[in-house]
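User: I would like to go through this protein and ask what stands behind each label. Please set the values against the cut-offs.

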Amino acid sequence: MRDDLAPLTLLGILCFFGSQQGQAQQAVCGGDYVCIADDSVAAAAAARRDQPSAVAKPENLAAQERCAEAPVDISAASPDERRLACSAAKDALQLLGNCGISLRRPLNVQIMSEVRHPFSGAIFGLFDTKQERVLVTQEANIPSLVKDTPYAELPERDFYRSLIVHEVVHGVMHQNLKRKSTSHAAYEYPAYALQIASLPSSVRDTFLQSIPNRASPDNLVFNDSILFFDPFFFAVHAYQHFKAADNGCAHLNGLLVGEVAFIPTLPP
Ligand SMILES: [Zn+2]
């Protein structure tokens, strides 16, 4: 379904407008294929498609295991997948822990053969706010999703780990959120910044260099238009802005209480 970037961008637009029109109050798509969604979104999608109310099909063969490193429960078909997800979750918790942000309660992570956006097709993953569960597409099905994107240039395993980091960051930030944002960019900034931070340095450099026309981190403003029309640009700049700050952690903690100058807020 995704031969080029056009349908990906369209997916982001649909999610954005659905949210703004009140049809999907908690649909927050990071760029175009990493989403936060709640049951109202799933229910709306189910009604439209006349399908069961779910954003991902249950995995009958999946087994659940709690990570040794942290109270994160991983559901996946194989021990290798569960091990990898635990390792990535640990990285995400460490990056957030450096900023004093930690899990409030166990987090559920499900590795699925396919995760579908409520209003469109297959996506990398999403965070379901209602059920507080992270859904991630299994690694074997990632190549078709990264095709023709800058992510295709990165080693698959490294990118995949970073994808899990991204979604776990959503989950932990959600648990600590004190004030909901009206901006999708506010949810995606920490997820992308820490996703890129989690990449090995050489891989990160490859990704950063794939995005031209980088601006000075001092002058960056993040908004939903940039997020939806160029999520890769958004990701690179979120990372650079976070790293360039005297205290990037202040940005993350500011986002939890809805107070950051670099993301304009919309009236509620
Ligand atoms: Zn996201």
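User: In which sense do β4 and strand β5 pair, and over how many bridges?

Analyst: The model is predicted. In it, β4 and β5 (residues 107-112) pair in the parallel sense over four bridges. One place to look is Ser75, which stands opposite Gln110 in β5.

User: What makes β3 and β4 a hairpin, and in which sense do they pair?

Analyst: Strand β3 (residues 63-66) pairs with β4 in the antiparallel sense, over four bridges. Five residues lie between β3 and β4 in this hairpin. Here Gln64 stands opposite Ser75 in β4.

User: What is the hand of the unit made by β4, α3 and β5?

Analyst: β4, α3 and β5 make a left-handed β-α-β unit. A right-handed crossover would run clockwise from the first strand over the helix to the second, with the strands pointing away from the viewer.

User: Why is Cys86 called buried?

Analyst: Cys86 has 22 C-beta neighbours inside 10 Å. The cut-off for buried is 20 or more, so Cys86 counts as buried. Cys86 is placed in helix α3 (residues 79-97). Leaving aside neighbours within four places in sequence, Cys86 is in contact with Cys67, Glu69, Val72 and Ile74. The C-alpha atoms of Cys86 and Arg66 are separated by 8.4 Å, although these residues are 20 apart along the chain.

User: What is noted about phi in Glu132 and Asp148?

Analyst: Most residues other than glycine have a negative phi. Glu132 is not a glycine, yet its phi is positive, about 45 degrees. Asp148 also has a positive phi, near 65 degrees, and is a residue other than glycine.

User: Which residues touch the most other members of the largest nonpolar core?

Analyst: Ala89, Ala92 and Val168 touch the most other members, in a core of 64 residues. Helix α6 (residues 184-198) gives the most to this core, with 10 residues. Leaving aside neighbours within four places in sequence, Ala92 is in contact with Val165, Val168, Val169, Val172 and Leu194.

User: How do α5 and α6 pack, and what is the hand of their crossing?

Analyst: The axes of α5 and α6 are 8 Å apart, and the two helices pack at an angle of about 145 degrees. α5 passes α6 in a right-handed crossing. Residues making the contact include Val165 and Val169 of α5, and Ala191 and Leu194 of α6.

Key. Residues are numbered from 1 along each chain as its sequence is written. This is a predicted model: local features need pLDDT of at least 70, side-chain atom pairs count only at pLDDT 80 or more; totals for chains, interfaces and linings use all residues. A residue is buried if 20 or more other C-beta atoms lie within 10 Å of its own, exposed if 12 or fewer, and partly exposed in between; C-beta atoms are placed from the backbone. Two residues are in contact if their C-beta atoms, placed from the backbone, lie within 7 Å. Two strands pair if DSSP finds at least two bridges between them. A nonpolar core is a set of buried Ala, Val, Leu, Ile, Met, Phe, Trp, Tyr and Cys residues joined through C-beta atoms within 7 Å. Axes are lines fitted to C-alpha atoms, for helices over the stretch in contact, and angles run from 0 to 180 degrees between N-to-C directions. A crossing is left-handed if the near helix is turned anticlockwise from the far one by less than a right angle, and right-handed if clockwise.
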